[in-house]
Amino acid sequence: MTAPRAEAGFTLLEMLVALTIVAVALAACVRAVGQMAANHAALRDRSLALISAENALAELRAQRVFPPLGRARSPCPQGRLAMTCERDVAGTANKDFRQVTVRVTADADGRLLAELRGLASAWP
């Protein structure tokens with residue numbers, strides 16, 4: 001009489017458990033890649049908005065005109081991103097300076113992308 005041989009290989013249950021583990025790991029990887037892409041897009045939008053805010057402040061300084069108090073809005077697109085710059089000019093304790101705040105919002109959903117503050121002088 002011969003001894004029974006041990007069967008080599010995996011059972012169906014073991015294969016299903018292994019496939020489930022692999023599927024969960026792949027789903028987590030896909031979600032992580034999606035989050036990275038969304039974060040990259042948000043960072044790109046904020047960087048472009050900051051460039052627009054810096055441009056608006058630099059343009060105000062280049063005009064060498066003492067800015068009037070109040071608010072002004074103007075479009076300030078960068079590439080394919082449509083944005084609006086809102087410039088708010090307020091007085092300071094020193095009458096020769098004005099505080100300028102530039103807020104950049106996305107036209108698509110109105111969310112604030114960047115805010116930059118600076119000073120404008122009465123002196124050229």
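A disulfide is a pair of cysteine sulfur atoms within 2.5 Å. The model discussed here is predicted. By that distance rule the count comes to one disulfide, and the structure also holds nine salt bridges.

**Cysteines**

- The disulfide is formed by C76 and C85, whose sulfur atoms lie 2.1 Å apart.
- The torsion about the S-S bond of C76 and C85 is about 100°, so this disulfide is right-handed.
- Both cysteines of the pair, C76 and C85, are buried.

**Salt bridges around R111**

- R111 and D45 meet through their side chains in a salt bridge, at 3.3 Å from N to O.
- This pair links distant parts of the chain: D45 belongs to helix α1 (residues 12-63), while R111 sits in the loop between β3 (97-106) and β4 (112-121), and the two are 66 residues apart.
- Are the two partners buried or exposed, or something in between? D45 has 9% relative accessibility and therefore counts as buried, whereas R111, at 35% relative accessibility, counts as partly exposed.
- The side chain of R111 also meets that of D109 in a salt bridge, with an N to O distance of 2.9 Å.
- D109 is partly exposed, its relative accessible area being 49%.
- Through salt bridges that share partners, R44, D45, D109 and R111 are joined into one network.

- E115 and R103 form a salt bridge between their side chains, at 3.2 Å from N to O.
- This pair too links distant parts of the chain, with E115 in strand β4 and R103 in strand β3, 12 residues apart.
- E115 counts as partly exposed because its relative accessibility is 34%.
- R103 is likewise partly exposed, with a relative accessible area of 23%.

**Points to locate in the view**

- For the network, find R44, D45, D109 and R111, which are joined by salt bridges that share partners.
- For the link between strands, find R103 in β3 and E115 in β4.

Key:
Residues numbered from 1 in each chain as written. Predicted model: local features only at pLDDT ≥ 70, side-chain atom pairs only at ≥ 80, totals over all residues. Heavy atoms only, no water. Salt bridge = Lys/Arg side-chain N within 4 Å of Asp/Glu carboxyl O. Helix = DSSP H or I, 4+ residues; strand = E, 2+ residues; numbered from the N terminus. Buried < 20%, exposed > 50% of the residue type's maximum accessible area, 1.4 Å probe, protein only.
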